[in-house]
Amino acid sequence: MKRYFIILALALLPITSFGQEDSEKWPYSLKHTTLSQEEALLRNWIKTISSDDFGGRKPMTIYEEKTINYMAEQMKLIGLKPLFNGSYFQPFTMLSATCKPVGGKFVVRGRKKTELRYLEDMVVWTSRATDKVKMPATEIVFCGFGIDAPEYGWNDFDGVDVKGKLIIVMVNDPGYYNASLFRGKNMTYYGRWVYKYEQAQKLGAAGCLVLHNTASAGYGWHVCVNGHQEGNLALYNKATNNADELGIKGWIHEDACRKLFDAAGLDYEAAIAEAKKVGFKSFNMNLKCGIDMDVKYDIAETFNVGGMIEGSDLKDEAVVFNAHWDHLGIGTPDEKGDSIYNGASDNASAMAALLFAARKTFELPVRPRRTLIFLSVSSEESGLFGSQYYCEHPVIPMGKTVACINFESVGPAELTHDVRVMGGGACELDNYIVEAAAAQGRYVYFNNDNSNGWFFRSDHYNFVKKGVPALVIENGVDVVEPSRPNKYPYASIYHKPSDEYHDDWDIEGMIANINLMFSMGIRAANACTPPRWY
């Protein structure tokens, strides 16, 4: 267990001296690196990337250049070839918008007048390139979950006109509350707030507010505020100047939504209960709300970073190892006055894992059959934009990309007997991870509770949408040494300034999980038949 043995599928490959010619480029021996050296290497990467010097790694800030240059330098030092036509960088254009509601509040009129406060009650933004967003007093329509899913016999928009109106929709999908609906607790894409904005835009709504609930969202209100108060990002379309984007996107707090129902003379609890049932009918709340926002926006390039190792006889096919480099930057101070969102676990740990896996490739006795791509993408935190752009402009076509191994928030993690997997039962990567875990003396638990939509919340999902097999690996819970618990549980630091590196991080489980995922990727790179969807 302590040495993390790995089985690599290397049979029937030509014997070469792959990696030997590159060993002089690296300060540690590629063939005989000890566990202590591996740990020191990982810790140094995480500590560096998550330091205050990197300013929380917000895209399109002064800290982006430092971050992407560091990743490119490390890839070059390891021996990876530039991925993008001789460059380690893939540029694409983003819009960054910071929106401030005039007066810091929103006036709503119905049977009674009420006011909602910016940040406490609502957080709103736009993805349009404009100096001002002004929505005059507009009707509010409550649309349940905001889902049109014919395959599940569900349409919250049946019989209701939302064009030009402000809609309120619930986060998640009906299966969260009733196991007989949709896929039960295993959230579908319909439950994601991204889908709800897409649907509102499709139907011509003026704006969409997603009703926050900590349990069904999988995170607290602070995540909504911290993630959207400053520099909201969107892919930029020069041809339209983003005028075709949904005018107003936002979140509304549960307590604020109760105030709206009270102003309308409606029963909030009864409406929410009905919205969870088959046959629910959306309704106009007989409320009007105006939203007036000043917008400061910037249009600039951001960059994905990537390196590669060319394969042998199947070099025109690829396995992608991915980890996003961005985090939230500098924002609202916490109770200690710390305003830098360092993102040590999310996602410096995964960036280190990506480099670690790239480096381990040079320990292999033979060159992998398929090309290995090591990709660190931008703008995951704002909507998976970097991976979306790469999947639309891949180096090797998506149809020849056989697997995506996505590192996401892999540390700190204590060693566990189990490996928890989300997205199992969909593709043959199931077999890969079961065998790789067995080689480590561990077992796999396929977690079918996707109630917080985690499977849709990281970059692998853009690959999945293009048909590329992927799984989500989570830290286990069956701890090998229960007397040595994790001092920094992920939920307590998620999207907070307290997500910082500490020298007493336990990363034994992190190393085991990285080796596990590396093994999966190498097996996919060498398989005669690549992993298929069931």
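Ser409 lies in the loop that runs between strand 18 and strand 19. The model is a predicted one, and in it the phi of Ser409 is positive, near 50°, although the residue is not a glycine. Ser409 has a relative accessible area of 10% and is therefore buried, the cut-off being under 20%. The loop between strand 18 (401–406) and strand 19 also holds Pro412, and the peptide bond that joins Gly411 and Pro412 is cis, with omega about 0°.

Most residues other than glycine have a negative phi, and most peptide bonds are trans. Two further sites depart from this pattern. Asn241, again not a glycine, has a positive phi of about 55°. Asn241 is placed in the loop between strand 11 and strand 12, and with a relative accessibility of 31% it counts as partly exposed. The other site is a cis peptide bond from Asp346 to Asn347, where omega is near 20°; Asn347 belongs to helix 8, which spans residues 344–361.

Gly104 occupies the loop between strand 2 (89–101) and strand 3 (105–109). Its relative accessibility is 29%, so Gly104 counts as partly exposed. Beyond its neighbours within four places in sequence, Gly104 contacts Leu116, Arg117 and Tyr118. The C-alpha atoms of Gly104 and Leu116 are 8.8 Å apart, with a sequence separation of 12 residues.

Turning to the helices, helix 5 covers residues 221–228 and includes His228. The buried residues of this helix are Trp221, Val223, Cys224, Val225 and His228. They are covered by elements including strand 5 (122–125), helix 3 (193–202), helix 4 (214–217), strand 11 (232–235) and strand 12 (248–252). His228 itself has a relative accessible area of 9%, so it counts as buried. Leaving out residues up to four places away in sequence, His228 touches Val123, Trp125, Trp193 and Trp251.

Helix 9 (residues 385–392) is mostly covered, with 6 of its 8 residues buried. These are Phe385, Gly386, Ser387, Tyr389, Tyr390 and Cys391. Among the elements that cover them are strand 2, strand 11, strand 13 (283–309), strand 17 (370–376) and helix 11 (460–465).

In helix 10 (residues 429–439), the buried residues are Leu429, Asp430, Tyr432, Ile433, Ala436 and Ala437. Viewed down the axis of helix 10, these residues fall within an arc of 160°, so they line one face of the helix. They pack against strand 19 (418–422), strand 20 (443–447), strand 21 (472–474) and helix 13 (508–526). Gly441, which follows helix 10, has a positive phi near 75°.

The protein as a whole contains 13 helices and 21 strands. For its 534 residues, a compact globule would have a radius of gyration near 24 Å, and the value for the protein, 24 Å, agrees with this. The C-alpha atoms fill a box of roughly 80 × 50 × 50 Å along the principal axes. Of the 534 residues, 58% count as buried. Among contacts with a separation of 6 or more, 83% are between residues 24 or more positions apart.

Definitions and conventions: Residues numbered from 1 in each chain as written. Predicted model: local features only at pLDDT ≥ 70, side-chain atom pairs only at ≥ 80, totals over all residues. Heavy atoms only, no water. Helix = DSSP H or I, 4+ residues; strand = E, 2+ residues; numbered from the N terminus. Buried < 20%, exposed > 50% of the residue type's maximum accessible area, 1.4 Å probe, protein only. Contact = heavy atoms within 4.5 Å. Rg over C-alpha atoms; globule rule 2.2 N^0.38 Å. Arc of directions from axis to C-beta.
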